[in-house]
Amino acid sequence: MTSTVPTAVQPTDAQPAAVQPPITMVGPDFPYAYDDYLAHPAGLGQIPATEHGAEVAVIGGGLSGLVAAYELMKMGLKPVVYEADRIGGRLRTVGFEGCDPELTAEMGAMRFPPSSTALRHYIDLMGLETRPFPNPLAPGTPSTVVDLKGESHYAKTVDDLPPVYREVMEAWTTCLEEGADFSDMNRALRERDVPRIREIWARLVEKLDDQTFYGFLCDSPAFKSFRHREIFGQVGFGTGGWDTDFPNSILEILRVVYTEADDHHHSIVGGSQRLPLRLWEDEPRKITYWPAGTSLSSLHEGAPLPAVTRLHRTSGNRITVTDASGRIRTYRAAVFTAQSWLLLSKIACDDSLFPIDHWTAMERTHYMESSKLFVPVDRPFWLDPAVDDRGVPTGRDTMSMTLTDRMTRGTYLLDNGPDRPAVICLSYTWCDDSLKWLPLSAEERMEVMLNSLREIYPKVDIRKHLIGSPVTVSWENEPYFMGAFKANLPGHYRYQRRLFTHFMQDRLPADKRGIFLAGDDISWTAGWAEGAVQTALNAVWGVMNHFGGATDATNPGPGDLYDELAPVELPED
């Protein structure tokens, strides 16, 4: 509904916005500056020349896998990428059959905050353009309709909504300030004050690890009103309602709001999948060992290897990979970037791959369900002036970005310019709301959504503007994902710590080394592409170290600074 930044830390006359350091997704669990690491002219590190050309398995061709493979290739290693479905993972951009190719739908990640600075490094490196995403009440969103309990409110800013919405916003601000030291942490993150970040977060992790998001709200005097909690759950902040997150750990939510990950979003022009596809085809100018013109695509003759069906250890502590074609290859190191549940289901694994505590952590991983439904339309008709029953203009848009407690929950209007074909995300839902659609086809889902929106916009005939069939996804039903992204439950902090710190393999028994976990569900910020990039860089450092390499002294990597920055370790007894 609003910015996540409380008024206590809004710019003042004494401290204009221009002089405030930018907020980034650095910390609070592991406040390592990945963006500085990537930008440093010394690069990410080197491996001994005797290891040049050595093969490393990279399992999963999503963003994390492609970043890891790209950087390992630049170091002079030979990444061997396995991908069960398509390059991109949950950066999946699809078209509409029979429609203009410029019309696309983002089935997975579709909006990225400016605080995702490591992600931004690769977006800029690949020469991709971004533009503001039309979130509710965002500056670039023409208008927003909030529809709750059968009552609709049209707004261009939060001030256009009834006073109760301002009360809810202020309650959230107060709740964060009193219960989670928001201003202090936000300031420490902006200034990259590592001791202060660690001090605040250690106290909060110990205090809040067993607390749900909803329990955190209920404990706040500011949210004593059930009505306020209900509205907050439906309308929320940033991208909209968050009641689907109410059962999850409040620590998951604090990581998002501290770093403004839910604000000021941009989308990638042409689709988010362009980023991993560009990484696959890119020929780095600065590369070790490989000749100029080398790309991941050229190392793989144009296509990755197929799905991995078995992983096991063999003599010499090697990682042996069997793929869907029956081919068996053995590696000194492997990076696993697919969703970790695949290690429990679709991939036959030896218990010896990981310590038992890591297996337990993977088994306890909690994934969120998510569904989307998109339709192509002839033009951005929603910008037409709305008229009343007498045909008199009302001063409103015909249709708006819509947040509602009806079946659609969130409807997004995505235009490509005046009088050009456009796209509507009719519905974006989570958890139980997503499961409601699981048995329905795309066409059946569309009928439900159109009927729901007709109750909000009785004069708008969306159907007459359709120019193609709908496309949909339910990530919990995708065989190589089984969910949209990880969201820790209360008490899961210890499990997440084990998975994130897995790249520090000198802490592991010698016979449990050589395979490195990465991907956004291993990160502290699952569901955000930034987490996929950060854990990929951790794995790259781990593989480099495994092969006897090192970083430049002027640009220490995440493993070099680990002891200074290590996540809080809660007692287990």
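1. In this predicted model, helix α6 has a set of buried residues: I197, I200, W201, L204, V205 and L208. These residues cover an arc of only 130° around the axis, which places them on the same side of α6. An α-helix has 3.6 residues a turn, so residues three or four places apart point the same way.

2. The other side of α6 carries the exposed residues P195, E206 and K207. The buried residues of α6 are covered by elements that include α4 (163-180), α5 (182-191), α7 (213-218), α9 (250-258) and α15 (493-500).

3. The length of α6 may also be checked. The helix comprises 15 residues (194-208), which should span 21 Å at 1.5 Å a residue; its end C-alpha atoms lie 20 Å apart, in agreement with that expectation.

4. Turning to the nonpolar cores, the largest contains 133 residues, and L63, W172 and L275 have the most contacts inside it. Helix α16 (residues 529-546) supplies the largest share of this core, ten residues. There is also a second, separate core of 26 residues, with A57, I319, A334 and I347 among them.

5. The model contains an open sheet of four strands in the order β11-β10-β9-β13, and the pairing is mixed. Strands β11 (328-331) and β13 (348-349) form the edges, since each pairs on one side only.

Definitions and conventions
Residues numbered from 1 in each chain as written. Predicted model: local features only at pLDDT ≥ 70, side-chain atom pairs only at ≥ 80, totals over all residues. Heavy atoms only, no water. Core = buried A, V, L, I, M, F, W, Y, C linked by side-chain atoms within 4.5 Å. Buried < 20%, exposed > 50% of the residue type's maximum accessible area, 1.4 Å probe, protein only. Helix = DSSP H or I, 4+ residues; strand = E, 2+ residues; numbered from the N terminus. Expected span 1.5 Å × (residues − 1). Arc of directions from axis to C-beta. Contact = heavy atoms within 4.5 Å. Pairing = 2+ DSSP bridges.
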